[in-house]
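Let's take a walk through this protein together. Have the sequence and the 3D view ready, and follow along.

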Amino acid sequence: MEKVWSQAFKKSPFPFLGERGGIVQSEISTLGQFKQFLDLVHIRQCLLRPFFEKPEYPLVENRDLIPPFEVELWEYKDLPGFSLVAFDRPLESFNEVFQYDILEPFQNSAQRAEGGAPQDSQVSLRNVQTIAQRLPKKVQASFREAFRRYDVTSLGQYERMLPYLLNMDRAQVFSQTASGNFCMTGVFASFPSDFDGELKRFGMQIGKFRMGDNAMYEQNRQFVYQFLMELYGFPMASERRTSSAVFSRRLHKYGEHFIVRTLGQSDRIISTIWNDGTLARRYPQVEKVALVSIDADRGDLLSTLSQGGWLVDEERRVIILRVRYKQHSFSAANVRQDRALSVAAQELIHPVTGETLQNVSIFRDSSTILLHLNDIVRGEYLGKTIYNRSEVVEHTDTVEKRFKVLHAWLHKNQRRVIGYSEEFYNGVVRVLDDYMHTAEVMEAGPELAELRRSLRSAYAYIRQARRLHELSAIASRQFKGERLTYLQMLNKSVALLHDLKFDLGNYFDRLMESLIKTVEGMLDDRYLRRVYVEREESALSARGRKIRKAYNRLVGLLDEFKAIRKNRRSGAANDTARR
């Protein structure tokens, strides 16, 4: 691709007109088409333009597009940021659930002309003034001069206006007109955000809060906050992203067909939450678009992309990547309780045609994760890492830095280590076990004692959670590609829990809760109880008696784990009371 942002998407379904902006086709009537239009305009103006105009443009790292998302501590104030909402219907200003400054499309004024409504030129000037008064004073005059003869509600003018609109603090508003075409119908919109109410209702819905239980609320608030935000594609971050998530949740509950989109100056990622009504979904769709760099050692992929013109910048190996996500409902029995979102698909967007290349894998998860882990423990990792959501750590040239970067690595990749293949998990354990027994860790000074304890706790959590992940597979009677009999299910569960019982030096209440629910589910199997437990023992075959014996052993182990949970919780309550 020629290194000029204005050449981007010249052969797309919406052909652009050079640096002046505007498009040949400005009548768009479906939400899907409108989203495609927004994609191209925003990628062109908000990603590609700053990339070509700023030599030090900070590309997004692959890991920033993989859940769980981390807060970006740097804010790039010279990069674009915005938010917008679009509705697949005409707006009814009084009945809408949010506030915005109204723009009047030309055709609406024409329809009201019977009452002596203003002519189109007057409507145009009024619309220009509505936008101008919400812009910084230094650009108001130039905006009025540039658009005083144009219909600023038309999509044909949107790209020309966007550099001005990016100076506005609040959201842009789009909707359909009475004729069914999309246009800009508002600016300076505020998304309503009853975040406190949404958080508490959601927490009670998933069983993490109880009415009036302050201790339970304080214990689980961070978890509920993170899970709720991640469902809509965000970390616990800025007000712009928080209000976008809560507003999207509200619109989806109302059954609206909508688009909510944000671009943060810190994350450099265009995040879109939308629902076009094509499928009945519990949650709206979530996707992100960013400029990322492909690893230099992926020669075959780079060659293919270069030949097809998919690279934005050959030297830096830059592509336009879209990631689509899948939401997961909360389940207390799921060992990965905090997994609200996972990657569903990765697509490349062609910088000239706007076409998409699907079924590509830019995230080389397993191999890249192991390489990074090895680099960290050897002190060879180079780059910035966010530790504990508040501290930026550069490189791993000291023991303290290695501890902090490894702790961040364990948190970021926790779900993958728990859920990936046996081969991958064993590789991670080998590296971590070797490192945890080095003199560097064993003999770390008192100033690093708390950090070392936190590191060991994070590793212990992963090991226990992996065992519970295996327990869940055993409970489903599908384990390592094998269909288990009831006797095999019970025997494997007994053996696993017997081993786990002696590995509870680090106790995690969330994992204990998951373990108990999983075992209770196995023991409550109706067929198992009816055929092997509730019958007279004299009516059982030899195999049936073995199954009952294994069942009773599992009941005994469950009672032991419940006793452990009770003792731990009572001890924690006593500690809290003493404080």
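Helices α16 and α17 are roughly antiparallel to each other, because angles over 145 degrees between their N-to-C directions count as such. The axes of α16 (residues 486-501) and α17 (residues 509-523) cross at roughly 155 degrees and come within 12 Å; axes here are lines fitted to C-alpha atoms over the stretch in contact, with angles from 0 to 180 degrees. On the α16 side, M489, S493, L497 and L500 meet L515, V519 and M522 of α17, where contact means heavy atoms within 4.5 Å. By class, this contact has 6 nonpolar residues, 1 polar and no charged ones.

A word on the model: it is predicted, so local features need pLDDT of at least 70 and side-chain atom pairs 80 or more, while totals for chains, interfaces and linings use all residues. Residues are numbered from 1 along each chain as its sequence is written, and side-chain values use heavy atoms, without hydrogens and water.

Now step back to the whole protein. It has 19 helices and 14 strands, taken as DSSP runs (helices H or I, at least four residues; strands E, at least two) and numbered from the N terminus. Of its 579 residues, 52% count as buried, meaning under 20% relative accessible area with a 1.4 Å probe, protein chains only.

Terms used
Parallel < 35°, antiparallel > 145°, perpendicular 65-115°, else oblique. Nonpolar A, V, L, I, M, F, W, Y, C, P; charged D, E, K, R; others polar. Buried < 20%, exposed > 50% of the residue type's maximum accessible area, 1.4 Å probe, protein only.
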